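I opened the model today to look up a few local features, and I note below what I found, entry by entry.

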Amino acid sequence: MEKSGMSTSKDTSINNSTTVAESLADQLRCALATAMPLLSELSDEHVTLRPVPDQWSPKEIIGHLIDSASNNHDRFVLAQIRTEYIFRGYEQNQWVAVQQYNERTWDELLRLWEALNLHLAHVMAAMSEHDLVRKIRYATTPEKPMTVEFLLNDYVGHLEHHLTQILPEYQRISTGYR
Ligand code: NI
């Protein structure tokens, strides 16, 4: 992978060689930078309320995104270390229920969610073109291999999908998880 620091000064205006991985990481950073101020403004009453009894509150949606970040942290790292890596799934609704996200303060949840994702953006940006074409599989659908690039794109799209549930005006950037 070419690092921009290696290039001569005259070519910077034409091509700063942003990699696909760096571009996906930038989408994630941009989503965080856009959403954080809007999320921070929401009242504690609003973010604790479940619209209907079996739907997540905004705190629980951010909790689900924290679970997504922590599970995908494993995946983003292990996909680069192991060949033939099969992802375990996780019981999304039970993860949210067990952790009682509604009992946490909104500010603490947001800071945890942001910090985890800033680190994941860093991990994503460091991936090479070779890493992105590696194949990974889910235990539930082992017959359908997917690339690491698909996984990263899907991760950012999934995050934005849930952001739009809390922030209806949020404009998605990612092409993933449509
Ligand atoms: Ni989800």
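I began with Gln100, which is exposed because it has 11 other C-beta atoms within 10 Å; a residue is buried if 20 or more other C-beta atoms lie within 10 Å of its own, exposed if 12 or fewer, and partly exposed in between, with C-beta atoms placed from the backbone. Before going on I note that this is a predicted model, in which local features need pLDDT of at least 70, side-chain atom pairs count only at pLDDT 80 or more, and totals for chains, interfaces and linings use all residues. Residues are numbered from 1 along each chain as its sequence is written.

I found Gln100 in the loop between α4 (92-99) and α5; helices (H or I, at least four residues) and strands (E, at least two) are DSSP runs, numbered from the N terminus. Gln100 is not a glycine, yet its phi is positive, at about 50 degrees. Most residues other than glycine have a negative phi.

Tyr177, which is not a glycine either, has a positive phi of about 55 degrees, and I located Tyr177 in the segment after α7. Tyr177 counts as partly exposed, because it has 15 C-beta neighbours inside 10 Å.

Entry 3, the sheet. I traced an open sheet of 3 strands in the order β1-β2-β3, with mixed pairing, where two strands pair if DSSP finds at least two bridges between them. β1 (86-87) and β3 (141-147) stand at the edges with a single partner strand each, so one side of each has no neighbour in the sheet. Strand β2 (residues 135-138) runs antiparallel to β3 and is joined to β3 by 3 bridges. Looking at one residue, I saw that Lys135 has Thr147 in β3 as its bridge partner. Helix α7 (residues 148-166) packs on the sheet and touches β2 and β3, and its direction makes about 85 degrees with that of β3; axes are lines fitted to C-alpha atoms, for helices over the stretch in contact, and angles run from 0 to 180 degrees between N-to-C directions.

Helix α1 (residues 20-40) and α7 pack with their axes 10 Å apart, at an angle of about 15 degrees. The two helices α1 and α7 are therefore roughly parallel, a term for angles under 35 degrees. The contact includes Leu24 and Leu28 of α1 and Leu152 and Val156 of α7, where contact requires C-beta atoms, placed from the backbone, within 7 Å. By class, I read 11 nonpolar, 2 polar and 2 charged residues in the contact of α1 with α7; Ala, Val, Leu, Ile, Met, Phe, Trp, Tyr, Cys and Pro count as nonpolar, Asp, Glu, Lys and Arg as charged, and the others, Gly among them, as polar.

Leu152 lies in helix α7 and is buried, because 28 other C-beta atoms lie within 10 Å. Leaving out residues up to four places away in sequence, Leu152 touches Leu24 and Met124.

The axes of helix α3 (residues 58-81) and helix α5 (residues 106-125) come within 10 Å and cross at roughly 25 degrees, so α3 is roughly parallel to α5. Among the contact residues are Ile66 and Phe76 of α3 and Trp113 and Leu116 of α5, and by class the contact of α3 with α5 has 15 nonpolar, 5 polar and 1 charged residues.

Note on methods:
Two residues are in contact if their C-beta atoms, placed from the backbone, lie within 7 Å. Angles under 35 degrees count as roughly parallel, over 145 as roughly antiparallel, 65 to 115 as roughly perpendicular and the rest as oblique.
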